[in-house]
Amino acid sequence: MPRRPFDAVLCDLDNVIRFYDTTALAGLEHGAGLAEGTTARIAFAPETDLPLLLGEITKEQWVESIALGLAGQVSQAQARALGTAFANSPFRADEVVVDLLARARKHLPLVLVTNASVELEDDLALLGLTDLADHVVSSARVGVVKPDRKIYEIAAAQAGVAVDRCLFVDDRLENVQAAAGLGMTGVHYREPADLRGALGVLLDR
């Protein structure tokens, strides 16, 4: 039989496996006279979220940073409420993706590689995904974020395979391009069919 194209799967979490419901946040933004997505843009600005993703600040401190970024656009109370609603948005797992990854893991190592806060382990428990992967590489735990090459190298080492023998799945194109630059097989995720197609060689077995 021909050799399979990769020996491990490295997969992002947010917007691949985990999805957030921002309905309540959108209602608050509308009530405050803000365009939908305003809070997210502030929350995800590098100066706001990078300290969180590196494990340097708590979620509560992140909320304060978001509120500070909203200062001048809404009242202090509204800014705090918006930051809190954003940080505490409910989330769910895409069961189709979870099933695909679980099936792939029967054949080779699966590593989650995610830019996340120190609360990631608790979040995975809430999702019922504590045992989904063989290893979890969290930016807040290793002190480096995607697309820095070091986090990919850490993940490959956790999987126990060479970097160029990894399949890497992420919803952010820059992260996929960085992985491909290291020799990984990159998959830019937009829908489950993208993952299913990449894993086809395993799922057909």
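Buried means under 20% relative accessible area, exposed means over 50%, and partly exposed lies in between (1.4 Å probe, protein chains only). This briefing concerns a predicted model, in which local features need pLDDT of at least 70, side-chain atom pairs count only at pLDDT 80 or more, and totals for chains, interfaces and linings use all residues. Residues are numbered from 1 along each chain as its sequence is written, and side-chain values use heavy atoms, with hydrogens and water left out. Helices (H or I, at least four residues) and strands (E, at least two) are DSSP runs numbered from the N terminus.

**Backbone features in loops**

- Asn15 is partly exposed because its relative accessibility is 39%.
- Asn15 lies in the loop between S1 and strand S2 (18-20), and has a positive phi of about 70° although it is not a glycine.
- The peptide bond from Lys146 to Pro147 is cis, with omega near 10°.
- Pro147 is found in the loop between helix H8 (139-142) and helix H9 (149-159).
- Most residues other than glycine have a negative phi, and most peptide bonds are trans.

**Packing of H4 and H5**

- Helix H4 (residues 59-70) and helix H5 (residues 76-87) have axes that come within 8 Å and cross at roughly 135°; axes are lines fitted to C-alpha atoms, for helices over the stretch in contact, and angles run from 0 to 180 degrees between N-to-C directions.
- H4 and H5 are therefore oblique to each other (under 35 degrees counts as roughly parallel, over 145 as roughly antiparallel, 65 to 115 as roughly perpendicular and the rest as oblique).
- Residues in the contact (heavy atoms within 4.5 Å) include Trp62, Val63 and Ile66 of H4 and Leu82, Gly83 and Phe86 of H5.
- By class, the contact of H4 with H5 has 9 nonpolar, 2 polar and 4 charged residues; Ala, Val, Leu, Ile, Met, Phe, Trp, Tyr, Cys and Pro count as nonpolar, Asp, Glu, Lys and Arg as charged, and the others, Gly among them, as polar.

**Packing of H1 and H5**

- Helix H1 (residues 23-31) packs with H5 at an angle of about 160°, their axes being 9 Å apart.
- This angle makes H1 roughly antiparallel to H5.
- Leu25, Leu28, Glu29 and Gly31 of H1 meet Gln78, Ala81, Leu82, Ala85 and Phe86 of H5 in this contact.

**The buried side of H6**

- In helix H6 (residues 95-105), the buried residues are Val97, Val98, Leu100, Leu101 and Ala104.
- These residues are on the same side of H6 because they cover an arc of only 165° around the axis, taken from the directions from the helix axis to the C-beta atoms.
- The elements covering them include strand S1 (8-11), strand S3 (91-93), strand S4 (110-114) and helix H11 (192-203).
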